[in-house]
Amino acid sequence: MTSLPVLAAEEPEGHALVLMLGGAAEKSVSEVTSNVGPTASVEFLVIEDLLEIELGTQYLSSSYLHTLGGQILFKKPFEVTHNIELMVGAGPAITHATSGASPINQYGISFALDLMVWTSKEMGWFISPEYNYGVGASSERSIGLSLGLMFGL
């Protein structure tokens with residue numbers, strides 16, 4: 001009697017890099033200002049199931065304020081299902097704002113919660129609420145939301 005080989009269910013392969021492109025909105029906690037604009041980031045795995053690093057930037061604007069920001073997030077991934085991930089992260093952030101005659105640089109810490117859904121092996125979507133805590137002379141605090149498409153490379 002011969003037996004047929006049993007094939008294990010294929011797990012999706014990890015990606016060396018994940019490119020995330022989308023839109024972002026941010027609202028100041030202390031003021032009534034809000035900004036919207038594009039966002040882009042690259043994420044890579046450092047330690048399996050323990051640490052991923054995301055390098056991101058966004059250009060947000062309103063009728064009187066334009067900001068260019070960047071951040072480095074250190075994120076802990078949690079696999080919900082084989083195609084859904086939840087990540088909790090924090091890291092340093094810098095924002096360069098232009099308003100009026102004098103540009104302002106603000107430094108701070110960003111806290112993020114990412115929900116990532118892979119609809120295929122190479123593509124998916126993400127949504128990421130965020131809280132930014134400014135430090136220094138301008139201790140601005142804001143809440144934000146980013147969403148868009150992600151591509152596994």
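Me: What is a salt bridge, and where do K75 and D114 stand in relation to that criterion?

Reply: A salt bridge is a side-chain nitrogen of Lys or Arg within 4 Å of a carboxyl oxygen of Asp or Glu. In this predicted model, the side chains of K75 and D114 meet in a salt bridge, with an N to O distance of 2.4 Å. The two residues belong to distant parts of the chain: K75 is in strand 4 and D114 in strand 6 (residues 102–118), 39 residues apart.

Me: How many salt bridges does a search of the whole structure find?

Reply: The search of the whole structure finds 3 salt bridges. One of them pairs K75 with E43, whose closest N and O atoms are 2.5 Å apart. Because K75 lies in strand 4 (residues 66–81) and E43 in strand 2 (residues 34–47), this pair ties together parts that are 32 residues apart in sequence.

Me: Which salt bridge involves E54, and which strands hold the two partners?

Reply: The side chain of E54 meets that of K75 in a salt bridge, at 2.5 Å from N to O. E54 lies in strand 3 (residues 51–61) and K75 in strand 4, so this pair ties together parts that are 21 residues apart in sequence.

Me: Which residues are linked when the salt bridges are read as a network?

Reply: A network of salt bridges links E43, E54, K75 and D114. Within it, K75 pairs with E43, with E54 and with D114.

Me: Is K75 buried or exposed?

Reply: Burial is judged by relative accessible area, and a residue counts as buried under 20%. K75 has a relative accessible area of 1% and is therefore buried.

Me: What joins the side chains of D114 and K75 when the pair is read as a polar contact?

Reply: The side chains of D114 and K75 are joined by a polar contact of 2.4 Å.

Me: Which residues does D114 touch, leaving aside residues up to four places away in sequence?

Reply: With those neighbours left aside, D114 touches E43, E54, K75, E85, L86, M87, I127 and S128. Among these, E43, E54 and K75 are also linked with D114 in the network of salt bridges.

Key
Residues are numbered from 1 along each chain as its sequence is written. This is a predicted model: local features need pLDDT of at least 70, side-chain atom pairs count only at pLDDT 80 or more; totals for chains, interfaces and linings use all residues. Side-chain values use heavy atoms; hydrogens and water are left out. Helices (H or I, at least four residues) and strands (E, at least two) are DSSP runs, numbered from the N terminus. Buried means under 20% relative accessible area, exposed over 50%, partly exposed in between (1.4 Å probe, protein chains only). A polar contact is a pair of N or O atoms within 3.5 Å; within protein, one must be able to donate a hydrogen and the other to accept it, and residues adjacent in sequence count only if both atoms are side-chain atoms. Contact means heavy atoms within 4.5 Å.
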